[in-house]
Amino acid sequence: MRFVLIGIGGANYFAETAGLVFTTQDRDLFLPPDPGNELQAWRVCRRQGLELWCGAEPLGEPLDRFLAEGVVSRRALVRATGHDLVIDLTLVMAAFAFEDVWSRRRTFTVQGVKVPVASLSDIVASKAAVGRPKDQLFLATHEDALRQLLGRRFGRED
Amino acid sequence: MSSRKRPLPPDPGAERALRILDEIRRTVRLETRPVVLGDEYLRAVKQTEASSRNEDGADKTWVERAQREFREHYARARRVR
């Protein structure tokens with residue numbers, strides 16, 4: 001199964017100190033537009049006891065290729081939820097195609113498990129492209145945190 | 001996108017705050033606009049990526065542990081007044 005961790009959860013892996021870790025409950029996994037891969041992701045989540053949602057509705061049964069093709073063709077977001085955990089399986093990352101992000105990924109290790117993570121440059125650029133208030137807040141805070149860490153002054157052009 | 005919400009404790013203060021936030025959400029238009037990132041910020045991002053602590057295979061277990069501890073810490077928070 002292919003995915004890359006994106007969003008704040010991904011950016012956190014590049015933190016060099018706990019002070020640069022942003023609190024988030026969500027994990028955003030960017031998946032390729034491949035129904036077989038999508039279906040595999042759902043089954044892994046289900047095996048882990050997570051519930052699958054699409055919009056306000058349960059994803060439905062059966063989890064099969066027909067359903068996966070419908071979700072992928074609509075680029076719909078599927079959310080997997082469990083105790084203290086929310087995983088968004090997204091087929092969209094603003095300004096980026098999956099294969100480009102995949103080619104620049106970094107693979108980190110968490111408790112012995114390999115986790116593919118989008119490059120910090122891609123995560124930051126995607127947040128800048130979307131520009132929701134929460135993205136603006138993250139970028140400003142992240143910039144400030146890096147400035148403090150690296151002891152440098154930054155100019156902002158927005 | 002919505003999903004099941006965790007039930008909130010029966011706290012009149014919290015309920016009032018949520019009503020205010022709902023009102024703000026209905027009436028205030030949030031501005032979404034692309035952000036132009038400064039060159040120095042982008043250089044710092046590259047510098048961070050190039051750090052030896054962020055090489056392929058680096059162990060990031062501590063990041064997950066830190067996040068869990070943050071969540072547990074804030075979950076224990078109680079209003080004092």
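In this predicted model, the secondary structure of chain A amounts to six helices and eight strands. Followed along the sequence, these elements of chain A are arranged in the pattern β-α-β-α-β-β-α-β-β-α-β-β-α-α. Chain B, by comparison, has three helices and zero strands, and its pattern along the sequence is α-α-α.

**Overall form of chain A**

The C-alpha atoms of chain A fill a box of roughly 55 × 35 × 30 Å along the principal axes. For 158 residues, a compact globule would have a radius of gyration near 15 Å, and the 17 Å of chain A agrees with this expectation. Of the 158 residues in chain A, 39% are buried.

**Chain B**

In chain B, 9% of the 81 residues count as buried. Leu21(B) lies in helix 1 (residues 12–27) of chain B. Is Leu21(B) buried or exposed? Leu21(B) has 10 C-beta neighbours inside 10 Å and therefore counts as exposed, since the limit for an exposed residue is 12 or fewer. Leu21(B) and Arg43(B) are 22 residues apart along the chain, and their C-alpha atoms are separated by 37 Å.

**The contact between the chains**

The contact between the two chains draws 41 residues from chain A and 36 residues from chain B. On the chain B side, helix 2 (39–50) and helix 3 (61–75) each supply at least two residues. The largest share of this side, eight residues, comes from helix 2 of chain B. Sorted by class, the side of chain B that touches chain A has 13 nonpolar, twelve charged and eleven polar residues.

| Helix pair | Angle between axes | Distance between axes |
|---|---|---|
| Helix 6 of chain A and helix 2 of chain B | about 65° | 10 Å |
| Helix 5 of chain A and helix 6 of chain A | roughly 135° | within 8 Å |

How are helix 6 of chain A and helix 2 of chain B oriented to each other? Their angle is about 65°, and angles of 65 to 115 degrees count as roughly perpendicular; the two helices are therefore roughly perpendicular to each other. The crossing of helix 6 of chain A and helix 2 of chain B is left-handed. In this pair, helix 6 of chain A contributes Glu143(A), Leu146(A) and Leu150(A), while helix 2 of chain B contributes Tyr41(B), Ala44(B), Gln47(B) and Thr48(B). The residues of this contact comprise four nonpolar, two polar and one charged.

Within chain A, helix 5 (residues 120–130) packs against helix 6 with axes that cross at roughly 135°. Helix 5 of chain A and helix 6 of chain A are therefore oblique to each other. The crossing of helix 5 and helix 6 of chain A is left-handed. Val124(A), Lys127(A), Ala128(A) and Val130(A) of helix 5 meet Asp135(A), Phe138(A) and Leu139(A) of helix 6. By class, this contact has five nonpolar, two charged and no polar residues.

Definitions and conventions
Residues are numbered from 1 along each chain as its sequence is written. Chains are lettered from A and ligands numbered from 1 in the order in which they are written. This is a predicted model: local features need pLDDT of at least 70, side-chain atom pairs count only at pLDDT 80 or more; totals for chains, interfaces and linings use all residues. Two residues are in contact if their C-beta atoms, placed from the backbone, lie within 7 Å. Helices (H or I, at least four residues) and strands (E, at least two) are DSSP runs, numbered from the N terminus. Ala, Val, Leu, Ile, Met, Phe, Trp, Tyr, Cys and Pro count as nonpolar, Asp, Glu, Lys and Arg as charged, and the others, Gly among them, as polar. The radius of gyration is taken over C-alpha atoms; the globule rule is 2.2 Å times the number of residues to the power 0.38. A residue is buried if 20 or more other C-beta atoms lie within 10 Å of its own, exposed if 12 or fewer, and partly exposed in between; C-beta atoms are placed from the backbone. Axes are lines fitted to C-alpha atoms, for helices over the stretch in contact, and angles run from 0 to 180 degrees between N-to-C directions. Angles under 35 degrees count as roughly parallel, over 145 as roughly antiparallel, 65 to 115 as roughly perpendicular and the rest as oblique. A crossing is left-handed if the near helix is turned anticlockwise from the far one by less than a right angle, and right-handed if clockwise.
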